[in-house]
Amino acid sequence: MMRTSRLEAFSDGVLAIIITIMVLELKEPHGDDFAALWRTTGTGLLSYLLSFAYVGLYWNNHHHMFQLTERVTGGVLWANLGLLFCLSLFPFSTSWADDTGYARTPVVAYGLNLLIAAIAYFTLQSVIIRSQGRDSVLRRAIGRDIKGKLSPVLYCAGIGGAILGGDGTGAGRPGIWVAVGFYVLVAVFWIIPDRRIDRVIRDQSPAGPADGSG
């Protein structure tokens, strides 16, 4: 079994490339004012911002999770590759949704991308917990994992909204914006600081509070 440093370094590199690819998809404005910027790149910037937030959130949570992971098994390696594969599809699904003016099918595909990424992260988390045994520190840190369980439900609600409320002609249908609203809601939901793992790490530190307060 290997230490986590090589896996983390590889994952950091892949996530950095994903972000770079997404920003290269932005189109240069045909003009020198903000009106030209919005006409050419306005929705693209918003799409990039949302996907950047998601990649950043996964990087943040991935980093915290591996602070409570002492070693890497073969199962963890494969589960981590599965997560990176799902995240590597973000540039494609983001660009497709933006280039089609948020048509129904691309918005559904974007939601499915978010859903499978969430499932892949949960799988990685579960494999790590199983490798740690009955006294898993990570299991104790995540607790009931309400955010993790609620997120796929909201993604499915967004996908359903796009399917039922859009006709495939663009973003003019309310269902499309309902779908995008759910995707944004989950991102905001996760941006709110989560202290579960930080609290366990602090409690394990020699200088940490003995009673778990703070």
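Select helix α5 (residues 104–132) and helix α7 (residues 146–165) in this predicted model. Their axes come within 9 Å and cross at roughly 170°. An angle over 145 degrees counts as roughly antiparallel, and α5 and α7 are therefore roughly antiparallel to each other. The handedness of their crossing is left-handed.

Now show the side chains where the two helices touch. On α5, pick Arg104, Val107, Val108, Gly111, Leu112, Leu114, Leu115 and Ala118. On α7, pick Pro152, Tyr155, Cys156, Ile159, Ala162 and Ile163. What kinds of residue make up the contact of α5 with α7? It divides into 12 nonpolar residues, one polar and one charged. Gly counts as polar and Arg as charged, so Gly111 and Arg104 can be picked out by colouring the selection by residue type.

Stay on α5 and select Arg130, which lies in this helix. Is Arg130 buried or exposed? Its relative accessible area is 61%, and the cut-off for exposed is over 50%, so Arg130 counts as exposed.

Move to Leu26, in the loop between α1 (5–24) and α2 (34–67). Its relative accessibility is 25%. Buried means under 20% and exposed means over 50%, so Leu26 counts as partly exposed. Which residues does Leu26 touch, leaving aside its neighbours within four places in sequence? Select Thr41, Gly44, Leu45 and Tyr48 to see them. The residue numbers of these four place them in α2, which spans 34–67. Then select Asp98, which is 72 residues from Leu26 along the chain. The C-alpha atoms of Leu26 and Asp98 are separated by 9.9 Å.

How many helices and how many strands does it have? There are nine helices and zero strands, so reading along the sequence gives the pattern α-α-α-α-α-α-α-α-α. Among contacts with a separation of 6 or more, 76% are between residues 24 or more positions apart. Of the 214 residues, 42% count as buried.

Definitions and conventions
Residues numbered from 1 in each chain as written. Predicted model: local features only at pLDDT ≥ 70, side-chain atom pairs only at ≥ 80, totals over all residues. Heavy atoms only, no water. Axes fitted to C-alpha atoms, helices over the stretch in contact; angles between N-to-C directions. Parallel < 35°, antiparallel > 145°, perpendicular 65-115°, else oblique. Left-handed = near helix turned anticlockwise from the far one by under 90°. Contact = heavy atoms within 4.5 Å. Buried < 20%, exposed > 50% of the residue type's maximum accessible area, 1.4 Å probe, protein only.
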